[in-house]
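Work through the exercises below with the sequence and the model side by side, and try each task before reading its solution.

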Amino acid sequence: MAEGEELQTFTSIMDALVRISTSMKNMERELICPVCKEMYKQPLALPCMHNICHICASEILVQHGYICCDPSSEPTSPASTPATRSPRMDRRVVPKPDRLDRLLKSGFGTYPGRKRGAVHPQTVSFLCPACQRDVDLGERGLGSLFRNLTLERIVERYRQTINISTTIMCQFCKPPQLEATKGCTECKSSFCNECFKLYHPWGTQKAQHEPTPPTLTFRPKGLMCPEHKEEVTHYCKTCQRLVCQLCRVRRAHASHKVTPVLSAYQALREKLTKSLAYILSSQDTVQLQIAELEERVKHTEVNGSQAKEEVSQLIRGLCTVLEEKQATLLQAIQESQQERLASLHHQVQEHRAMLENSGMVGYTQEVLKETDHPCFVQAAKQLHSRIVRATDSLQSFRPAATSSFSRFQLDLSREMKLLTDLTFIKAPEAPVIDTQRTYAYDQIFLCWRLPQHSPPAWHFTVEYRKSDTKAKALKLWQRCEEVRGTSALVEYLDTDSVYVLRVKGCNKAGFGEYSEDIYLHTPPAPVLNFFLDNRWGFNRERLAISKDQRAVRSVPGLPMLFAAERLMTSCHLSIDMLIGDMAITQGRSYWACCVDPSSYLVKVGVGLESKLQEWFQGPQDVVSPR
């Protein structure tokens with residue numbers, strides 16, 4: 001039993017070591033400079049939240065014509081030595097410091113980022129190699145950037161964890177270099193014994209430097225302001241930048257919100273801790289999303305190959321049609337050519353027969369020598385028709401066929417334009433809601449149209465949901481799918497509610513973009529559907545009810561003119577009353593009516609049954625209806 005427990009413990013330890021090793025190897029991707037593809041050396045924090053080696057940034061600026069100081073800011077810093085490189089990466093040639101020193105001496109100013117030959121300071125634009133965005137470094141260039149000491153420490157811990165060989169060589173020995181045995185914090189360099197004595201001569205101020213063990217990183221104890229070389233103590237929330245005491249009192253941060261660095265540390269640490277805890281607690285979700293993405297990758301590969309094959313097949317079909325058409329057109333040209341050549345060859349033969357030494361001329365001459373009259377008539381009769389045709393052909397000479405093939409020219413301008421414009425089908429653009437024709441009643445009648453140059457849509461999908469500002473979560477969208485045409489009717493809605501609707505089109509390329517959301521308010525009470533009663537209660541000479549009993553109009557003629565005259569000249573008017581075919585006993589109801597703007601006085605309302613009966617029994621004149 002004890003052996004089994006020991007084996008289980010050993011297995012657990014090995015699994016933990018494998019997980020740690022895998023985690024460290026995965027973390028190496030975060031420690032690689034995007035330029036040199038090696039582990040960071042003196043990384044600088046760019047304003048776009050990415051990092052880059054100081055020497056890589058300096059080299060990029062030099063390539064763009066800027067003058068940079070010593071890229072390490074510490075000429076003998078071992079951070080730029082080949083010993084700091086990861087053995088997994090290919091080594092690259094690092095520009096020598098003396099080359100950059102020569103460039104510095106040839107320019108103006110002493111801070112990195114001054115353009116060659118520039119007399120006045122200018123802002124430095126730096127293209128971030130990670131996000132490919134232009135970053136403004138200000139007038140001081142790289143001198144305004146903070147050194148990412150935390151990233152340096154992580155790189156150093158990573159090297160120690162994976163046991164990367166970090167043999168430190170003396171930075172001052174001539175080749176072959178000796179292994180460093182001492183370091184100097186003041187000089188920020190590593191030395192062998194002989195070089196340490198040479199560069200720290202007795203009786204000088206450097207002789208007072210205390211030797212330390214050799215190291216790869218000579219970092220300051222704290223983060224220093226790159227402009228004032230003071231320790232940073234505050235954080236500017238407006239600029240999102242660490243500042244020192246001198247920066248804080250400057251005019252540039254006078255109206256900014258500046259907090260102590262401890263407060264920023266606590267706030268960011270709390271946010272980072274919560275975010276990390278959420279990510280760690282959502283590992284199952286992450287795995288599910290990874291599986292979904294991997295499945296999506298497989299589908300993308302399969303669908304991409306299928307799309308390529310479909311396009312290739314269509315192009316092959318197009319080529320087949322073109323080849324068949326080519327064969328047909330060439331056959332027509334060939335037949336016309338053969339026909340013309342046959343006619344021309346025949347005409348050539350006829351003209352050759354008229355030559356002096358031709359057979360027909362010689363035969364005719366021999367026939368003319370015949371003295372026997374009957375025999376001559378017999379022979380000449382056969383020959384005369386040939387001679388007449390030859391004479392006519394000679395007198396009215398015209399080639400039997402034309403040599404031009406202009407009738408066989410092709411105009412491919414339209415086809416070439418179609419082939420040039422041949423591209424993939426595009427999804428429909430976002431529809432535009434027609435607010436003039438869209439309304440909400442007991443149902444929502446939604447109308448839309450596609451933009452002028454939008455690809456056509458096979459069908460549309462209408463989505464709608466109830467908008468409730470008091471609800472904590474949004475309601476799910478409901479759909480009316482495969483709507484043909486450019487209008488839809490949405491039914492079964494709640495009263496006195498706001499609904500949000502949107503539309504998108506679909507064709508062979510898939511669904512397009514959604515239209516802008518439109519908000520419609522349904523009536524405050526259930527809609528009362530009724531018809532106009534056409535049996536009694538109105539003057540049939542002046543009013544006519546439509547067949548569907550939904551509308552009424554005035555009857556043109558003398559009665560209408562008399563009524564209009566009474567309205568214009570008198571203060572009395574007989575009322576033409578219409579009623580609905582439904583009575584309401586209780587509850588709330590809603591209906592709407594549309595009145596033509598050119599109509600005369602129209603009143604809409606609800607009347608008691610007893611009062612209506614009195615009106616119909618004896619119509620009264622209304623005094624001053626206006």
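**Exercise 1. Find which ring Arg 502 lies over, and at what distance from the ring centre.**

Solution. Begin with the rule, by which a charge sits over a ring if NZ of Lys or CZ of Arg is within 6 Å of the ring centre and within 35 degrees of the ring normal. Arg 502 meets it over the face of Tyr 514, at 3.7 Å from the ring centre. Then turn to Arg 550, whose charged end sits over the ring of Phe 531, 4.5 Å from its centre. Bear in mind that this is a predicted model, in which local features need pLDDT of at least 70 and side-chain atom pairs count only at pLDDT 80 or more, while totals for chains, interfaces and linings use all residues. Residues are numbered from 1 along each chain as its sequence is written, and side-chain values use heavy atoms, with hydrogens and water left out.

**Exercise 2. Classify the ring pair of Phe 191 and Phe 196.**

Solution. Rings of Phe, Tyr and Trp (its six-membered ring) pair if their centres lie within 6.5 Å, and planes under 30 degrees apart count as stacked, over 60 as edge-to-face and the rest as tilted. By this rule the model has nine aromatic pairs. For Phe 191 and Phe 196 the centres are 5.8 Å apart and the planes stand at 75 degrees, so the pair is edge-to-face. Next, judge burial, where buried means under 20% relative accessible area, exposed over 50%, and partly exposed in between (1.4 Å probe, protein chains only). Phe 191 is buried at 1%, and Phe 196 also counts as buried, at 10%.

**Exercise 3. Determine which residues stand opposite Phe 460 in β20 and in β18.**

Solution. Strands (E, at least two residues) and helices (H or I, at least four) are DSSP runs numbered from the N terminus, and two strands pair if DSSP finds at least two bridges between them. Strand β17 (residues 459-467) pairs in the antiparallel sense with β20 (residues 498-507) over nine bridges, and here Phe 460 stands opposite Gly 505. With β18 (residues 478-483), β17 pairs in the antiparallel sense over four bridges, and Phe 460 stands opposite Val 483. Finally, seven of the nine residues of β17 are buried, so this strand is largely enclosed by the rest of the structure.

**Exercise 4. Describe the largest nonpolar core and name the members that touch the most others.**

Solution. A nonpolar core is a set of buried Ala, Val, Leu, Ile, Met, Phe, Trp, Tyr and Cys residues joined through side-chain atoms within 4.5 Å. The largest one has 27 residues, of which Ile 52 and Phe 126 touch the most other members. β2 (51-53), α2 (54-63) and α4 (149-161) each supply at least two residues of this core, and α2 gives the most, with five. Apart from it lies another core, of 16 residues, among them Phe 460 and Val 483.
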